[in-house]
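Dear colleague,

Please find below the structure that I am handing over to you. I would be grateful if you could look through it together with the notes that follow.

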Amino acid sequence: MLLDSFGRVATDLRVSLTDRCNLRCTYCMPPEGLDWLPKPELLTAEEIMRLVAIGVERLGITEVRYTGGEPLLRRELTEIVARTTGLRPRPQVSLTTNGIGLARLAGALAGAGLDRVNVSLDTLDKDVFVRLAHRDRLRDVLAGLSGAAEAGLLPVKVNTVLMRGINDHEAVALLEFCLERGYELRFIEQMPLDAQHGWTREGMVTADEILAVLCARFDLTPADPVERGSAPAELFLVDGGPARVGVIGSVTRPFCGACDRVRITADGQVRNCLFATEESDLRGAMRAGASDAELAERWKAAVRGKRAGHGIDDPSFLQPARPMSAIGG
Ligand code: SAM
């Protein structure tokens, strides 16, 4: 088991398949992009599968989510998904993506056994999309969402980050859009994980603000809290249900006490928290010839040191050196 010193058990593994992305969302990276990891530093598909298999077969991982950067940019993605769903005990396998290219790939991914997909969509307005993501790709994202639904990757979940003065007027429209299509929307508070270090507390649209805007238009009732478990989203039934909307108050309503997540970066570092300032190098150990048992021990030690909380409110809080795209969101 991946047990930490506060008794939490990590069962949900997030694996970044690449730090590259074809969008430049301002809450994540600057318009000019970042210095991407050199290819030799990236885990190969074989190395990824070795670590994922160790997680599932030896360490109690029950859910694997592929993310990035943009995971659809990884050429071996379908093969990686198929191999992951072939592991026993079979983990739940999901993908977090910006949706660009998903229209073309959704069928193959569903065929490989992918269980679920989260597509990021911050706006329905082409001009706002360009302002926020510095690329004119809204049409591709919307096509990706439809493609996921047509391929049966249900329920399609949508992630939205609202930014003050940019897209924060679209909360209601985004929820209406998702309700009409049967997508499940989650609003995520903006976290201090952008490469430019531009995050400010005042600039962040809080969970309270989001709920106030939604409550003015919809009847929201809290969904069964038992169902939430360790999931980050607080869920609400919309107008009596069954449709739901989620709000992830990562900053103002932290859920660290129930956290069951652990991450592997695209270059093979274990991170026990999005906000960790330390990592444990599995790639180096693997390439130096470590056995599966040795890698599992290293991984366990890395999780053991997980802090009680992300500490954004501590005066001593330091934003991690790696931005979200490099950690794997
Ligand atoms: N490229 C994929 C995508 O767009 O979904 C996967 C990676 S992205 C880092 C994963 C999720 O993290 C997206 O839903 C994105 O909106 C969210 N995200 C990125 N930076 C964030 C930040 N600073 N605060 C909150 N969420 C963020």
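The notes below cover the ligand and its surroundings, then one asparagine, then a group of annotated cysteines. Please bear in mind throughout that this is a predicted model.

**The ligand and its surroundings**

There are 17 residues around the ligand, and those that come nearest are Tyr-27, Gly-69, Glu-70, Ser-120 and Met-191.

On the backbone side, a polar atom of Gly-69 is 2.9 Å from a ligand nitrogen, and a backbone N or O atom of Met-191 is 2.8 Å from a nitrogen atom of the ligand. From a side chain, Asn-159 places a polar atom 3.1 Å from an oxygen atom of the ligand. The ligand taken alone exposes 540 Å², of which the protein buries 94%.

**Asn-22**

Asn-22 belongs to the loop that runs between β1 (12-16) and α1 (45-58). Its relative accessibility is 16%, and because buried means under 20%, Asn-22 counts as buried. The side chain of Asn-22 is joined to that of Asn-98 by a polar contact of 2.8 Å. Leaving aside residues up to four places away in sequence, Asn-22 touches Glu-70, Leu-73, Asn-98, Ile-100 and Arg-135. Of these neighbours of Asn-22, Glu-70 is also one of the residues that come nearest to the ligand.

**The annotated cysteines**

In an unreviewed UniProt entry, the annotation "binding site" covers Cys-256, Cys-259 and Cys-273. These positions are spread over 18 residues of sequence, yet they cluster in space, with a largest C-alpha distance of 9.2 Å.

Where do Cys-259 and Cys-273 lie? Cys-259 is in the loop between β9 (244-248) and β10 (261-264), whereas Cys-273 is in the loop between β11 (269-271) and β12 (280-281). Cys-259 has a relative accessible area of 15% and is therefore buried. Cys-273, at 19% relative accessibility, also falls under the 20% limit and so counts as buried. Apart from residues up to four places away in sequence, Cys-259 touches Arg-8, Val-9 and Lys-306.

With kind regards

Definitions and conventions
Residues numbered from 1 in each chain as written. Predicted model: local features only at pLDDT ≥ 70, side-chain atom pairs only at ≥ 80, totals over all residues. Heavy atoms only, no water. Near = heavy atom within 4 Å. Polar contact = N/O pair within 3.5 Å; in protein donor to acceptor, adjacent residues only side chain to side chain. Areas by Shrake-Rupley, 256 points an atom, 1.4 Å probe, with all protein chains shown as cover. Helix = DSSP H or I, 4+ residues; strand = E, 2+ residues; numbered from the N terminus. Buried < 20%, exposed > 50% of the residue type's maximum accessible area, 1.4 Å probe, protein only. Contact = heavy atoms within 4.5 Å. UniProt positions renumbered as here; feature names shortened; annotations may be inferred.
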